[in-house]
Amino acid sequence: MADASDAAQARIFLDQLDTEIDVLSQRIESTEALADRARTDHQRRLTDQLGAEVAGLRGELFEVHRLVDALVFRFPEVIRRDPPALA
């Protein structure tokens, strides 16, 4: 079992990674919407540029998910187990 301070740091890092996942996901969604509009307007060059940006963002998102997986593997205690909601 990891030292309590290591687990606390891992929890903070995991929270930051979760935030980064949200930000990247939103950026991907927005950029895809722009690419769709550019495609509709037959702006091939812009469509290609935005497509390349989406690919790069997806690569970043993949890497952040990989970091989350590695962190959880090393510190399984960082996963919050929220109590079930009362009905």
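E63 forms a salt bridge with R66, the closest N and O atoms being 2.7 Å apart. A salt bridge here is a side-chain nitrogen of Lys or Arg within 4 Å of a carboxyl oxygen of Asp or Glu. Before going on: this is a predicted model, where local features need pLDDT of at least 70 and side-chain atom pairs count only at pLDDT 80 or more, while totals for chains, interfaces and linings use all residues. Residues are numbered from 1 along each chain as its sequence is written, and side-chain values use heavy atoms, leaving out hydrogens and water.

Back to the pair. E63 and R66 both sit in helix α2, three residues apart, about one turn of the helix. Helices are DSSP runs of H or I, at least four residues, numbered from the N terminus. E63 is partly exposed at 33% relative accessibility, and R66 is partly exposed at 40%; the class lies between buried, under 20%, and exposed, over 50%, with a 1.4 Å probe and protein chains only.

How many salt bridges are there by this rule? The count is five. Another one of them joins R44 to D48, with the closest N and O atoms 3.6 Å apart. R44 is exposed, at 63%, whereas D48 is partly exposed, at 42%.

Now the helices themselves. The axes of α1 (residues 4-40) and α2 (residues 44-74) come within 9 Å and cross at roughly 160 degrees. That makes α1 roughly antiparallel to α2, a label for angles over 145 degrees. Axes are lines fitted to C-alpha atoms over the stretch in contact, with angles from 0 to 180 degrees between N-to-C directions.

Terms used:
Helix = DSSP H or I, 4+ residues; strand = E, 2+ residues; numbered from the N terminus. Parallel < 35°, antiparallel > 145°, perpendicular 65-115°, else oblique.
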